[in-house]
Amino acid sequence: MKSQFKGKIVLLIITLTISGSLHLSGQKNKEEEYLGKAELYKAKKNLLEYLSDTAVARKYGLISDAIWNYAELGMQEFKSSALLIKTLEEEGFSVEKNVAGMPTCFVATWGSGRPVIGILGEFDALPMISQKPLSPIQAPLVEGAPGHGCGHNMMGTAGVAAITALKKSMEQNNISGTVKFFGSPAEETIISRPYMVRAGVFKDVDAVIDNHASSEFATSYGINGTALFSVVFSFRGKTAHAAGAPWDGKSALDGVELMNIASNYLREHLFYTQRLHYVVTEGGEAPNVVPDRASVWYYIRNTDERLEEMFARVLDCAKGAALASGTVLDTVTVLTATHQRHSNKALAEVIQKNIELIGMPEWTEQENQFAKALQKELGQKENGYAVKPKGLSKPSTIQVGGGSSDVGEVTLIAPTATINFPGGVPGAIGHHWSSVASNYGSAAWKGLNAGAKAIAASALDLLTKPKLLEEIRKEFEEYSKDHPYKSFLPEGAQPPVNLNRELMEKYRDAMMKLEIPGN
Ligand SMILES: [Zn+2]
């Protein structure tokens, strides 16, 4: 791993020396700039050097691979969160566990006083996409088991690596302030952040840096993705002999099916920013017994402004279906509800500068061979890993829907922006075996290492440049006037801590028995 970092450090030291001497003569207003330029460069150099150390890069690479191997679904990330917590505690962070009523949610803190800079980190996997690491053809490790098809194994790890580097540099350079790592479970089901926000976890945070695995090294600002309600509708009917006396029964499954028909007709008349999809989670156990219980789990997505109205209309579909089937709409359980992302432009600009400072990792021939083989299998352009960072992405002028992230919730509480870091194969499909295959091993290690550097370097800028943080806060406060935060969670909503429990238990033993190469 060492060689690819070496060149960068040498270059950085030269840059630091030149920049340091250029600015030392000026030594301008220390009250405004808290750390002089030369001291800031030294502090940044310290944290980048720490992360460039071969043993450190390997340590976090192995943590990422271990979490990849655990592949724990949302709310069941017991081993993954324990590994990250242990790593943080060993580095001297104090860690609050079981945060906001979620056993795998935690907050690690170091330092004291203002500013308070937060770093987000995720670690949950996705169902059904188990795949052998670095295999360019589909080959499940355990048929039907979960897999890390969104790179969250690298993301929590990158955040922990970053905050550790940051703490060391703050100690070495007497930098004051507080840094917090927010261990955020169940992002794939968009669960933890609305509850973390409701519990006041982010209330004293001045700015937040989020991260996501990608094939690119990039950041963006503005409104992105969709707001979401995740809701389970359960119908109650009456059992009967399905052939002998069907007239005595009331099928709860009829309630579910009629609701789905109604909402599919509704779809045509919703504004084009909507997304609506469902899975039937309970629908009877045998055809010869009229089912008295049936449930359907919906994702209802739209812009922040249109979301609640859309939910009300889908709820009417459920009510109408109960009436038509003679069943009862027994429970409507909101598992979670979140906003669109509103990323801060001034913060994204800070991140972009650091991305450019750090640059893309250098990929080996062997890594590119794997990437090209995977691209070939997927019918994509066979060009290997990305070679240079992207420029700062502007928000799209038209909202066209798309996915959701509960990071959206945080963006309305504190100025937030996301670092997308490389390591994934361009053309690999998200939430698919091809991404599981590539989120492991040396390229993933390098990608998360680059991500950790960008997070740590950007956080350092926020800690040491009060004027810059003030500018970021000002943009946020102005924006908040037009976009005041109001939780979409209904009163009494609770995090669904048992979500995925049975599914995870089904596969856990088989997954743990595997010998994964490279570990
Ligand atoms: Zn993701």
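Predicted model: local features only at pLDDT ≥ 70, side-chain atom pairs only at ≥ 80, totals over all residues.
Local features need pLDDT of at least 70 and side-chain atom pairs count only at pLDDT 80 or more, while totals for chains, interfaces and linings use all residues. Residues are numbered from 1 along each chain as its sequence is written, and side-chain values use heavy atoms, with hydrogens and water left out.

**View A. The zinc ion is coordinated by Cys150 (SG), His152 (NE2) and His212 (NE2).** These donors lie at 2.1 to 2.3 Å; donors are N, O and S atoms within 2.8 Å of the metal (3.2 Å for Na, K and Ca), and sites may look incomplete because water is not among the atoms. Along the chain, their spacing is C-x1-H-x59-H. His152 in helix H6 and His212 in strand S5 (residues 207-213) are 60 residues apart, so that the pair links distant parts of the chain. Helices (H or I, at least four residues) and strands (E, at least two) are DSSP runs, numbered from the N terminus.

**View B. Strand S4 (residues 177-183) is largely enclosed by the rest of the structure, because six of its seven residues are buried.** Strand S2 (residues 106-112) runs antiparallel to S4, joined by seven bridges; strands pair if DSSP finds at least two bridges between them. Phe106 has Gly183 in S4 as its bridge partner. Strand S3 (residues 116-121) pairs with S4 in the parallel sense over six bridges, and Ile119 is partnered with Phe181 of S4.

Note on methods:
Buried < 20%, exposed > 50% of the residue type's maximum accessible area, 1.4 Å probe, protein only.
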